[in-house]
Amino acid sequence: MAESSQISEETKDDENSHKHQELIHHGRAESMDMDTDDDGSRSNFHAEMKKPMRPEEQFIASIQMKKSRRKALTEFRSRVEDAVLGNYILKDGKPHESKKMLENENLDQDISLWGVPLLPSKGHEGTDIILLKFLKARDFKVSEAFNMLRRTLIWRREFKTDGILDENFGPELENVVFIKGTDKEGHPLCYNVCGAFKDREFWRKTFGSEDKCEEFVRWRVQSMERVIQNLSFKGEGGGGVDSMVQIMDLKNSPRPSNKELRLVTKKAVTLLQDNYPELIFRHIIINVPFWYYASHTLISKFISQRTKSKFILARPSNVADTLLKFVAPETLPVQYGGLKRENDNEFSSADKAREVIVKTGTIETIEIPTPEDGVTVVWDMTVVGWDVTYKEEFIPEDEGSYEILLEKGKKMGESVRNSFYINEPGKIVITVGNATYKKKRIFYRFRSKPTVPMYVYFE
């Protein structure tokens with residue numbers, strides 16, 4: 001199997017670690033001049049301790065790290081190969097000691113995970129990617145990664161995950177978790193809307209009994225399996241990505257004071273962490289209320305440090321600003337400060353937005369040229385952080401014509417869409433005023449479409 005597919009993901013981690021080391025050593029080099037003895041001479045001890053790595057030393061360290069990870073992957077592949085061919089990957093026992101016993105067993109060489117064969121000798125391009133996820137989750141400790149993989153396969157068989165996508169948990173839960181668009185790097189976006197559980201009747205149906213709580217856990221696993229259908233385990237150059245971004249919206253979410261909710265949440269988090277390693281690229285929690293921070297601290301006790309590093313928390317006032325760092329405005333739903341609307345007949349994600357910065361205490365104008373008549377101009381606009389005033393007007397090219405006020409000055413608190421039929425050349429001018437102490441980012445887009453005036457139909 002090609003070497004490039006073996007270390008496609010770990011190379012990125014090595015590069016990030018290499019850059020981090022450079023920053024650390026650069027900081028050490030700058031501070032060396034500050035360490036001197038009482039006589040004004042530099043301390044040899046401190047100078048030696050803070051001496052930065054030479055480029056060749058950094059390169060050697062990086063190569064050694066790559067070699068150790070490649071060695072771990074090679075060993076892991078060998079152990080998985082032996083376990084599958086020895087027919088004990090799904091058992092707690094040891095390899096068969098005699099060929100005769102082995103011949104009497106039905107070997108499951110087609111065993112796979114998320115559609116990817118686990119037998120390395122089959123040469124599937126996604127096998128190493130799956131194995132690397134388990135290695136990363138266990139800090140490249142082969143024995144621990146192998147045990148994790150085996151436990152995952154046993155759990156999937158007992159939990160019957162292969163058929164879980166066909167199970168029906170009712171239409172109410174369909175709006176709680178949904179997949180919509182991708183981030184700027186192509187990771188699928190999975191939204192979790194917790195505010196739905198504020199409804200008492202819905203809460204009772206979901207958590208009203210022990211059986212209902214178990215059903216909720218199965219639904220969470222089903223949701224995870226459904227998102228995985230949108231992933232691609234093909235490595236670099238193969239197209240697609242092999243991890244997702246989870247966005248959890250806590251707006252109007254009930255407090256986790258209920259014992260059943262705490263227990264079911266803990267169980268779901270543990271199951272996902274133990275059996276779905278390195279599938280979440282980033283976990284963004286938005287509209288975070290103050291009470292959640294205590295709950296998050298408790299949940300953090302049950303997750304690994306590597307998982308903790310993927311969490312990003314955003315208060316209600318920072319939702320759009322946080323999400324737009326990772327998601328393009330054309331892809332982000334309007335309720336989160338983006339431009340994407342449901343069943344939109346005017347724009348698609350391919351219609352890219354333009355960005356304008358409005359500095360503090362200033363007024364900015366956006367001009368949309370309309371050189372031709374007989375068309376309708378449609379425009380979208382959103383402001384990160386809101387709290388600005390805006391107005392819209394049409395200014396004709398002919399100085400003898402009247403200017404038309406489309407929207408008088410008012411405070412902007414949500415994404416705006418408007419349209420205007422052009423019966424003479426001119427331009428649409430949008431004026432935005434920022435009286436706050438923070439600069440504002442505006443995203444907007446527009447398009448023109450031929451339109452037949454209504455009076456033509458009446459004639």
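Start with helices H7 (residues 142-159) and H9 (residues 210-228): their crossing is left-handed, meaning that the near helix is turned anticlockwise from the far one by less than a right angle. Helices here are DSSP runs (H or I, at least four residues) and strands are runs of E (at least two), numbered from the N terminus. The model is predicted, so local features need pLDDT of at least 70 and side-chain atom pairs count only at pLDDT 80 or more, while totals for chains, interfaces and linings use all residues. Residues are numbered from 1 along each chain as its sequence is written, and side-chain values use heavy atoms, with hydrogens and water left out.

Stay on this pair. The axes of H7 and H9 come within 13 Å and cross at roughly 120°; axes are lines fitted to C-alpha atoms over the stretch in contact, with angles from 0 to 180 degrees between N-to-C directions. H7 and H9 are therefore oblique to each other (under 35 degrees is roughly parallel, over 145 roughly antiparallel, 65 to 115 roughly perpendicular, the rest oblique). Now select Trp155, Arg156 and Phe159 of H7 with Val217, Arg218, Val221 and Glu225 of H9, which make the contact (heavy atoms within 4.5 Å).

Next, select Phe76, Leu149, Ile228, Phe233, Tyr276 and Leu279. Of the 58 residues in the largest nonpolar core, these touch the most other members. Such a core is a set of buried Ala, Val, Leu, Ile, Met, Phe, Trp, Tyr and Cys residues joined through side-chain atoms within 4.5 Å. Buried means under 20% relative accessible area, exposed over 50%, and partly exposed in between (1.4 Å probe, protein chains only). H7 gives the most to this core, with nine residues. Centre on Leu149: leaving aside residues up to four places away in sequence, Leu149 touches Phe76, Val80, Leu113, Leu118, Leu131 and Phe134. A second, separate core of 21 residues includes Trp379, Phe420, Ile428 and Val432.

Move on to the loops. Asn252 sits between strand E5 (244-249) and helix H10 (259-275), and its phi is near 60°, a positive value in a residue other than glycine. Asn252 counts as partly exposed, at 46% relative accessibility. Asn343, in the loop between helix H13 (319-323) and strand E8 (354-358), also has a positive phi, of about 50°. Asn343 is exposed, at 72%.

Finish at Glu403, in the loop between strand E11 (388-396) and strand E12 (404-412). Glu403 is exposed, with a relative accessible area of 53%. Not counting residues up to four places away in sequence, Glu403 touches Glu393, Phe394, Ile395 and Pro396.
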